[in-house]
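Here is a brief report on a two-chain assembly. Please keep the sequence and the structure at hand while reading.

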Amino acid sequence: MTKLNRFVSVVAAAGLAATALVAGTITSADAATKTLVISSDLPLQGSAFDSNDSTNKAIELYLKSINYTAGKYKVSFKKYDDATAAAGSWDAAKCAANAQAHVANKAEVAVMGTYNSGCAKIIVPVLNQDPKGPMLMVSDANTNPGLTKAWNPGEPDVYYPNGVRNYARVCTTDDNQGSAAAQFAKSIGISKVYVLNDTQTYGQGVAQAFTTEAKKIGLTVLSSGATGEGWDAKQSDYTALFTKIKALNPDMVYVGGIFDNNGGQLVKDKVAVLGDNTKVKFMGPDGFTGYPDLNKMPEAQGMYLSFAGLSTDLLLANDPKGAGATFVKSYKKAYGKDPVGSYPLYGVAAVQIILAAIAKSDGTRKGVNNAVFSGSGISIPAKQSVLGKELKISTLSGDTLAKDITIEVIKNNDETTLKAWTVK
Amino acid sequence: MAISLLKRSKTSGKKKQKSPASARQWAISLTIVAIAIWAFFTYLFDKTPDAVQAWFQVWLPPSTLNESLVWVICALGLNIVVGYAGLLDLGFVAFWAFGGYAAGWFMSGFFHQVNIHFGSMSANTIPGIHLSFWLVMVIAALIAGFFGIIIGAPTLRLKSDYLALVTLGFGEIIPQVFTNGENIGGFNLSNGTKGISPIDAIGVFGKRLGPFDLGWKFLIYFFLAACMVFVSLRIRGGRLGRAWLAIREDELAASMMGVPLMRTKLTAYAVGAFSGGIGGAVYATHVNGIFAERFNFSISIILLAMVVLGGMGNVWGVIVGALLMAWINATGLPAVGDTFNNTFHTQINFPSYNFLLFGGILVLMMLFKRDGLLPEARLKMISHENDDDTSNTGGH
């Protein structure tokens, strides 16, 4: 035969040999006690790396502190990366591959993640159809409402082909954050607001929620449309935009979006045209939190921010001796610095839900999922919760029952916590 | 697969010409490998010991195999434009996006205002447009092909660099349209950055392929890739293919010999885009959704690198290049990184060196093997036309 065919047969023979070799070694591994695996599925490339790496470290530390046990089960932790270097952020194909890998890993019973709602929309339906499942996923950071409640047509049922829920989250959703921001604006005496959005899913979501709530509680919304006016992240200058806004004389400008979408220029031009943030107030959602670059800008001083949950500062201030504060201290001790942003604590909170579910279950995927979505469900008492207050997951939707938002203000080149806000 | 021999004069006696037999061997070998993979993952995989399954999950997960085939289909399309016709295309990702969104539009509940079902496995009560997978493949290919002609049109009077710039622009514009296409005069074209998910399951012979039927999906994707190989080889051997090669080698000479430049270039774009459309639709069914964020410039570059590394103009080279690079990106680098870190207890983030590696490989290839892994015989002859016998020793 030809060279090529010979090559194919050599590869086939080598493959067979490798199979036989590996097969020979597994008997010893089988003898070890059965350990349940929980995993994290987060983007570990690109700009989201720092925060998510911190989340993984926090989870590892927490599991170590509880001696890797959940009830009568031993657990171990496995990290998945849902980003590729080629994409520089989360990658849909990688999410699809991870979904398969979660199901294929027989010892794995639940997933902590994802960071991006889009990735969750790919993984959740696959885990939902797992023949041995459904398999539970608990997210620390997905704020897109459609994953758990009616939002776009067909949502959220399209993500649960089996008809059974298997997705929960410990953070609140975009709609709550927008509402809280509007309520806060009213409380500081704002009457006329102009709403901007960065034209992306997340930005439009919060801008829409803000606009709806603002109208409901009697603020005048000067921008038109349900989501306000879009700003184009590729523009080099927003002077014209703010000059137009100035003519309408607003008390506050609300920006729904993320800082990465040219937020720096937006902040500069806002102050250049409308004056500093004490005159015309300026507010953004958690897409503007966690950016030292923003905090150091002179134009950003006095800007209000909201965070979909309780910020780490607030957790420490509320209960300096609680589980959350103790955990942050031990994190600092172990790694020499504070966790990056506020999501790492939420990652641990999500793992607490998973561990409680495992403890309550028979150790199967189905059992772990049922523990969250049937009967009394899962709640973590305030004493144990790293979030400093009782954490309860709705057995119907999988959402957290807490609707806590933190209002922050940028002061002295740093994000400082102003107050906690519970959505009314 | 019957392959007609490209008519050309045999100028070089030393270099072995690609014969139809060689193409047939490639086709047969790849088919055997594909069927073996399908049989393994469909029937044997679940019965193998856990350690074997774990090994495959780390080094060669079935979903990576399927993803690689998406890259192969797209790279084959780009090979027609770049490898055959010699037109540098830096915006091929646009056709991938068109194909993906075609699947999003016609295989999901996205257009919930209507309720159209044709040959789909989804329940008739679910609103949206639900067409058969095979029909959607044709539609996706035709939509992408149509836009291939549109992009081809303004490039007719352009050459080399200017042509590349127009395609680059096109590749930037189309994903932006999808990113911002949530509200075009009140019409939701693309659902913006939220994307469209999930996509209907593929139905084949009355069987509904669920998320875990990866072996069957592999076979279907392989079949589509094989169709593109067949089309590539057949066209190349024919009148049109020879016209493309003539344009690639000398546009002026080709036009003087009576090759209609306009029509020939347009067809190259159209056929290439056709393949890109199929690749895009396959991608959408593979990930079960379509998201605008994915379609960035780096996709076009990686596809181009696959074609160049594999061997421009040689379908087998392009296939090898695409499989190799797709594997490195999806599985190889993270797996090597994990193994390395676990062995030496380091914390190096290997995948972040992806582009460094690609760049390095490209530079090395250009230095030592600039015709690609499996060079096309004809291009190899041209690129070594001026080498005299004494200097022709390095790396060939």
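The model is predicted.

**Chain A: overall form**

Chain A holds 13 helices and 18 strands. Its radius of gyration is 24 Å, close to the 22 Å given by the globule rule for 424 residues, so chain A is as compact as a globular protein of that length. The C-alpha trace of chain A spans about 80 × 60 × 45 Å along its principal axes.

**Chain A: the six-stranded sheet**

Six strands of chain A form an open sheet with mixed pairing. The strand order is S2-S3-S1-S6-S7-S8. At the edges lie S2(A), residues 69–70, and S8(A), residues 167–169. Each of these edge strands pairs on one side only.

S2(A) pairs with S3(A), residues 73–81, in the antiparallel sense. Two bridges link S2(A) and S3(A). Thr69(A) has Lys74(A) of S3(A) as its bridge partner.

Two helices that pack on this sheet follow. Helix H4(A), residues 117–128, touches S1, S6, S7 and S8 of chain A. The direction of H4(A) makes about 155° with that of S7(A). Helix H12(A), residues 343–360, touches S1, S2, S3, S6, S7 and S8 of chain A. The direction of H12(A) makes about 160° with that of S6(A).

**Chain B: helix packing**

Helix H5(B), residues 133–152, takes part in both helix pairs tabulated here.

| Helix pair | Axis distance | Angle | Handedness |
|---|---|---|---|
| H5(B) and H10(B) | within 7 Å | roughly 140° | right-handed |
| H4(B) and H5(B) | 9 Å | about 140° | right-handed |

How do H5(B) and H10(B) lie to each other, parallel or oblique? Their axes cross at roughly 140°. Angles over 145 degrees would count as roughly antiparallel. H5(B) and H10(B) are therefore oblique to each other. Their contact has 17 nonpolar, eight polar and one charged residues.

H4(B), residues 93–106, packs against H5(B) at about 140°. That angle makes H4(B) oblique to H5(B). From H4(B), the contact is made by Phe95(B), Phe98(B), Gly99(B), Ala102(B), Ala103(B) and Phe106(B). From H5(B), the contributors are Val136(B), Ile139(B), Ala140(B), Ile143(B), Ala144(B), Phe147(B) and Gly148(B). By class, this contact of H4(B) with H5(B) has 11 nonpolar, two polar and no charged residues.

**Chain B: the three-stranded sheet**

Chain B has an open sheet of three strands in the order S1-S3-S2, with mixed pairing. The edge strands are S1(B), residues 107–108, and S2(B), residues 115–118. Each pairs on one side only. S2(B) runs parallel to its partner S3(B), residues 128–131, and four bridges join them. Phe118(B) stands opposite Leu131(B) in S3(B).

**The contact between the chains**

How many residues does each chain bring to the contact? Chain B gives 43 residues and chain A gives 39 residues. On the side of chain B, helices H1, H2, H3, H10, H11, H12 and H13 each supply at least two residues. H2(B) supplies the largest share of that side, six residues. The side of chain B that touches chain A divides into 18 nonpolar, 21 polar and four charged residues.

Terms used: Residues are numbered from 1 along each chain as its sequence is written. Chains are lettered from A and ligands numbered from 1 in the order in which they are written. This is a predicted model: local features need pLDDT of at least 70, side-chain atom pairs count only at pLDDT 80 or more; totals for chains, interfaces and linings use all residues. Two residues are in contact if their C-beta atoms, placed from the backbone, lie within 7 Å. Ala, Val, Leu, Ile, Met, Phe, Trp, Tyr, Cys and Pro count as nonpolar, Asp, Glu, Lys and Arg as charged, and the others, Gly among them, as polar. Axes are lines fitted to C-alpha atoms, for helices over the stretch in contact, and angles run from 0 to 180 degrees between N-to-C directions. Angles under 35 degrees count as roughly parallel, over 145 as roughly antiparallel, 65 to 115 as roughly perpendicular and the rest as oblique. A crossing is left-handed if the near helix is turned anticlockwise from the far one by less than a right angle, and right-handed if clockwise. Two strands pair if DSSP finds at least two bridges between them. The radius of gyration is taken over C-alpha atoms; the globule rule is 2.2 Å times the number of residues to the power 0.38.
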